[in-house]
Amino acid sequence: MLVAFSVAPLGAGESVTAAVADAVRIVRESGLPNRTDAMFTTLEGDWDEVMDVVKRATDAVGRHGHRVSLVLKADIRPGHVGELTGKVERVEAALTNG
């Protein structure tokens with residue numbers, strides 16, 4: 001499965017950089033395939049391992065404020081792996097060929 005999530009503390013002031021860095025550090029140390037962009041971090045794995053990482057990242061962000069905002073989107077497609085890059089490669093190929 002792929003999970004794209006955004007997590008940020010509430011009540012931590014204007015900048016959330018340190019909190020987001022703590023979350024991304026947990027994702028990267030998980031060993032799961034992942035990608036971070038300006039709005040979301042996406043990771044790939046099975047349900048239990050992905051949700052464990054999201055929970056740990058959310059807990060880390062929670063230490064920076066009194067409340068946490070979590071936005072999560074999942075693509076659950078059993079039997080498929082490599083979709084973190086595969087989806088993008090298929091779109092790029094369609095743009096090149098179309």
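Me: What volume does the largest cavity have?

Reply: A cavity is a space from which the probe cannot get out, and in this predicted model the largest cavity has a volume of about 60 Å³. The count comes to one cavity of 30 Å³ or more.

Me: Which residues line the largest cavity?

Reply: The lining is made up of Met1, Leu2, Glu44, Asp75, Arg77, His80, Glu83 and Lys87, and by class these divide into two nonpolar, one polar and five charged.

Me: How much space lies in the largest pocket, and which residues lie nearest its centre?

Reply: A pocket, by contrast, is an open set of points, and the largest pocket here holds about 290 Å³ of space. Its lining has 14 residues, of which Leu2, Ala4, Thr42, Leu84 and Lys87 lie nearest the centre. Helix H3 (83-97), strand E1 (2-10) and strand E4 (67-75) each supply at least two of the lining residues, with the largest share, four residues, coming from H3.

Me: Is threonine 42 buried or exposed?

Reply: Buried means under 20% relative accessible area, so threonine 42, at 19% relative accessibility, counts as buried. Threonine 42 is found in strand E3 (residues 41-44), and, leaving aside its neighbours within four places in sequence, its contacts are Leu2, Val3, Ala4, Pro33, Asn34, Arg35 and Leu84.

Me: Which classes of residue line the second largest pocket?

Reply: The second largest pocket, with about 190 Å³ of space, has ten nonpolar, three polar and one charged residues in its lining, and strand E1 gives the most to that lining, with four residues.

Definitions and conventions: Residues are numbered from 1 along each chain as its sequence is written. This is a predicted model: local features need pLDDT of at least 70, side-chain atom pairs count only at pLDDT 80 or more; totals for chains, interfaces and linings use all residues. Side-chain values use heavy atoms; hydrogens and water are left out. On a 1 Å grid over the protein atoms alone, a cavity is a set of points where a 1.4 Å probe fits but cannot get out, and a pocket is an open set with protein on both sides within 12 Å along at least five of seven lines; lining residues have an atom within 4 Å of a point. Grid points are joined across faces, edges and corners, and a volume is the space filled by probe spheres set on the points. Ala, Val, Leu, Ile, Met, Phe, Trp, Tyr, Cys and Pro count as nonpolar, Asp, Glu, Lys and Arg as charged, and the others, Gly among them, as polar. Buried means under 20% relative accessible area, exposed over 50%, partly exposed in between (1.4 Å probe, protein chains only). Contact means heavy atoms within 4.5 Å.
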